[in-house]
Amino acid sequence: MYIGIAAPSGALWKAQRTFTINALRHFGFGKRNMESKILEEVEFFMEVLESKKGRPVNIETSVREAVSNIICSIVFGKRFNYDDKIFQKLIKDLEELLSNPYLPMVNWIPYLHYVSYISDVLGTQKCIDLVKDLKAQMANIIEEHKRTFDEDDLRDFIDAYLLEWKNHTRENENNSQKYVSPSEDNLEGVVLDLFGAGTDTTASSILWAIIYLVNNPDVQEKLRNELTEVVGPNRQPLLNDRNNLPYCESVITETLRLGNIIPFSLPHTVTEDFVLNNYRIPKGSIVIPNINATLHEENIFPDSNNFDPSRYLDDNGKLNKSRENVMSFSLGRRVCPGESLARMELFLFLTAIVTRYKILPEGQLPPNIEGKLGITYSPTPYSVRFVDW
Ligand code: HEM
């Protein structure tokens, strides 16, 4: 059975989420020492761009691999080489799963699963097979951890989870009042959720940022000017520089808004009957938060289809409050726990690229700004050129 973190509710969800957030923090999540892990990966990624020598390149797979390696190093305790066949298969399977255009519909209307008994027109059977396959790959990694587990030397998230499970089992043996805890059965699901959520989301956001910069050369120029004025042309910008780079922060916020990679968040279930604007919403209903509508609210984001980072700046070029209305990570108790990591990754990758390269279209026309909707909204494949400034 697949449980993970994003799917359950109630006590099981709470136990999974609390444990997961604490364990991720222990391994550097949201802390400054994440910076060196991300920068190590930025360097590998920049080597890929360097090797293209200004020729057109579709960087989708490289971006996904680079971003994925960061969550892999926290959860699995290691990064993979980009030509590692196992890693390539993981990334490919994940991409195929999340890009199925019918998957959101099947999530919202679960009865559609029955259609797959007649024919797999919606590709759901294919998705079930992909999840099985991905889980089997997670199981292999977990098995390897169990073989080499040492509770005095925790290497990563999987080890921390194994220890937590072991401790709860010991305690429950001596305690007649059993309580919900991370269970070993669910480890594959949790690890797969973290791998999926930590890979696809940020990678798609970086790919959107590049599209917007190529489509808006004036924004690219302004961003590069800010970086060279504040940081200089030869140094990699660091997280400490962030407060002095308001235009850069605005470009990232505008990418999160317009890129809008999870337009309908995740479906939530109503736990009690309630009334909203005279509509009765009974307990058990599935509610689909329309994040997309909030990100295109014309009163707050005038000319909302336009990529305009300056909307987050006041007359003195300082950040204003309107960026707090960009709810790409959702709100409330289920708000995305990966926000701070995602923002660090976006900042370090984007600034490394723009400090070093001018990004140009492959030919006459810039890449298409229409994306494709699966579980996430990601860009259609494109190629661009990275040319020394
Ligand atoms: C630009 C990047 C990202 C965006 C826009 C994003 C957005 C979201 C959104 C909208 C949700 C649904 C929240 C809800 O149910 O109300 C979510 C959930 C989640 N995200 Fe992210 N996310 C991003 C990156 C990440 C990263 C890097 C991780 C790494 C661990 C992550 C892990 C999760 C998890 C585990 C959940 C489920 C939380 C729960 O149900 O309690 N996300 N994210």
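Cysteine 336 sits in the loop between helix H12 (291-295) and H13, where helices are DSSP runs of H or I with at least four residues, and strands are E runs of at least two, numbered from the N terminus. What you're looking at is a predicted model, in which local features need pLDDT of at least 70, side-chain atom pairs count only at pLDDT 80 or more, and totals for chains, interfaces and linings use all residues. Residues are numbered from 1 along each chain as its sequence is written.

**How confident is the model?**
- The protein has a mean pLDDT of 90, with 92% of its residues at 70 or more; pLDDT is the predictor's confidence in each residue, from 0 to 100.
- As for the model scores, ipTM is 0.99 and pTM is 0.93.

**Around the ligand**
- There are 24 residues around the ligand, and Ala197, Thr201, Ser330, Cys336 and Gly338 come nearest (a residue counts as near if its C-beta atom, placed from the backbone, lies within 6 Å).
- Helix H9 (184-215) and helix H13 (339-356) are the elements that give two or more residues to this shell.
- H9 gives the most, with seven residues.
- By type, the shell splits into 13 nonpolar, eight polar and three charged residues; here Ala, Val, Leu, Ile, Met, Phe, Trp, Tyr, Cys and Pro count as nonpolar, Asp, Glu, Lys and Arg as charged, and the others, Gly among them, as polar.

**Back to cysteine 336**
- UniProt lists Cys336 under "binding site", in an unreviewed entry; such annotations may be inferred rather than shown by experiment, and UniProt positions are given in the numbering used here, with feature names shortened.
- Setting aside residues up to four places away in sequence, cysteine 336 touches Phe329 and Ser330, contact being C-beta atoms, placed from the backbone, within 7 Å.

**The nonpolar core**
- The largest nonpolar core has 80 residues, of which Val75, Phe157, Val191, Ile206, Ile210, Phe349 and Leu350 touch the most other members; a core is a set of buried Ala, Val, Leu, Ile, Met, Phe, Trp, Tyr and Cys residues joined through C-beta atoms within 7 Å.
- H9 supplies the largest share of this core, 17 residues.
- Beyond its neighbours within four places in sequence, leucine 350 is in contact with Ile206, Ala209 and Ile252.

How values were computed: Two residues are in contact if their C-beta atoms, placed from the backbone, lie within 7 Å. A residue is buried if 20 or more other C-beta atoms lie within 10 Å of its own, exposed if 12 or fewer, and partly exposed in between; C-beta atoms are placed from the backbone.
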